[in-house]
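Biologist: Please go through this chain with me. I would like to hear the rule behind each label.

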Amino acid sequence: GHMHSYLRTLPVAKGEVDKKSVKSANHYHDAQSPVYIVSGGAGCDEMNFVADPLSLIYSNIINSSSPYDFGLGFGTANFTTDRVSLGVLDVANQTAVHWVLYDSFDHSIIDEVWLTKSE
């Protein structure tokens, strides 16, 4: 079998979080390390999905661990969920991109993050 899940990390390289660029849980500015987004949350519910409010898993503390860290290192996961979902990346301008993860069942925003850089 396989697992449908979603993961967004903090800016991280070689297991080290770029804490200086983390302005909030949903805004990273001038990150010197990549942000990994694994969007495997099966976008189609195939008419079999029953919403379970307990299925959300949050890890919004920089030093927290996640069962879905995909080997990137302890404390690198910022947000994880196993909800059926769909992600949209919007390039707002030359200095900002906005990522939004939508719940496929009720269309609510499950996760979002702004990645910005200085001009």
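Biologist: Where is Ser-21 found?

Modeller: Ser-21 is found in the loop between β3 (16–17) and β4 (22–24). Strands here are DSSP runs of E with at least two residues, helices are runs of H or I with at least four, and both are numbered from the N terminus. This is a predicted model, in which local features need pLDDT of at least 70 and side-chain atom pairs count only at pLDDT 80 or more, while totals for chains, interfaces and linings use all residues. Residues are numbered from 1 along each chain as its sequence is written, and side-chain values use heavy atoms, with hydrogens and water left out.

Biologist: Why is Ser-21 called buried?

Modeller: Its relative accessible area is 1%. Buried means under 20%, exposed over 50%, and partly exposed in between, with a 1.4 Å probe and protein chains only. Ser-21 is therefore buried.

Biologist: What does Ser-21 touch?

Modeller: Contact means heavy atoms within 4.5 Å. Not counting residues up to four places away in sequence, Ser-21 touches Pro-11, His-27, Tyr-28, His-29, Asp-30 and Ala-31.

Biologist: How many helices and strands are there in the protein chain?

Modeller: There are zero helices and 11 strands. Of the 119 residues, 35% count as buried. Among contacts with a separation of 6 or more, 53% are between residues 24 or more positions apart.

Biologist: Which residues make up the largest nonpolar core?

Modeller: The 10 residues are Tyr-6, Leu-10, Val-17, Val-22, Tyr-28, Phe-79, Trp-99, Leu-101, Ile-110 and Val-113. The elements giving two or more residues to this core are β10 (96–103) and β11 (109–116). A nonpolar core is a set of buried Ala, Val, Leu, Ile, Met, Phe, Trp, Tyr and Cys residues joined through side-chain atoms within 4.5 Å.

Biologist: Tyr-28 is on that list. What makes Tyr-28 buried?

Modeller: Tyr-28 has a relative accessible area of 0%, so it is buried. This residue lies in strand β5 (residues 27–29). Its contacts, leaving out residues up to four places away in sequence, include Arg-8, Leu-10, Ser-21, Val-22, Val-113 and Thr-116.

Biologist: How far apart are Tyr-28 and Thr-116 in sequence and in space?

Modeller: They are 88 residues apart in sequence and 6.4 Å apart in space, C-alpha to C-alpha. Thr-116 has its place in strand β11.

Biologist: Why is Thr-116 called buried?

Modeller: The relative accessible area of Thr-116 is 19%, so this residue is buried. Beyond its neighbours within four places in sequence, Thr-116 is in contact with residues including His-27, Asp-30 and Thr-95.

Biologist: What joins the side chains of Tyr-28 and Arg-8?

Modeller: A polar contact of 2.5 Å joins them. The term means a pair of N or O atoms within 3.5 Å; within protein, one must be able to donate a hydrogen and the other to accept it, and residues adjacent in sequence count only if both atoms are side-chain atoms.

Biologist: What makes Arg-8 and Asp-111 a salt bridge?

Modeller: Their closest N and O atoms are 2.7 Å apart. A salt bridge is a side-chain nitrogen of Lys or Arg within 4 Å of a carboxyl oxygen of Asp or Glu, so a pair that meets this rule is counted. Arg-8 and Asp-111 form such a bridge. The pair links distant parts of the chain: Arg-8 is in strand β1 (residues 6–9) and Asp-111 in strand β11, 103 residues apart. By this rule the count comes to one salt bridge.

Biologist: Are Arg-8 and Asp-111 buried or exposed?

Modeller: Arg-8 counts as buried because its relative accessibility is 0%. Asp-111 also counts as buried, at 3% relative accessibility.

Biologist: What is the phi of Asp-30?

Modeller: Phi of Asp-30 is near 55 degrees, a positive value in a residue other than glycine. Asp-30 lies in the loop between β5 and β6 (37–39). At 29% relative accessibility, Asp-30 counts as partly exposed.

Biologist: Why is His-107 called exposed?

Modeller: His-107 has a relative accessible area of 60%, so it is exposed. The place of His-107 is in the loop between β10 and β11. Its phi is near 65 degrees, a positive value in a residue other than glycine.
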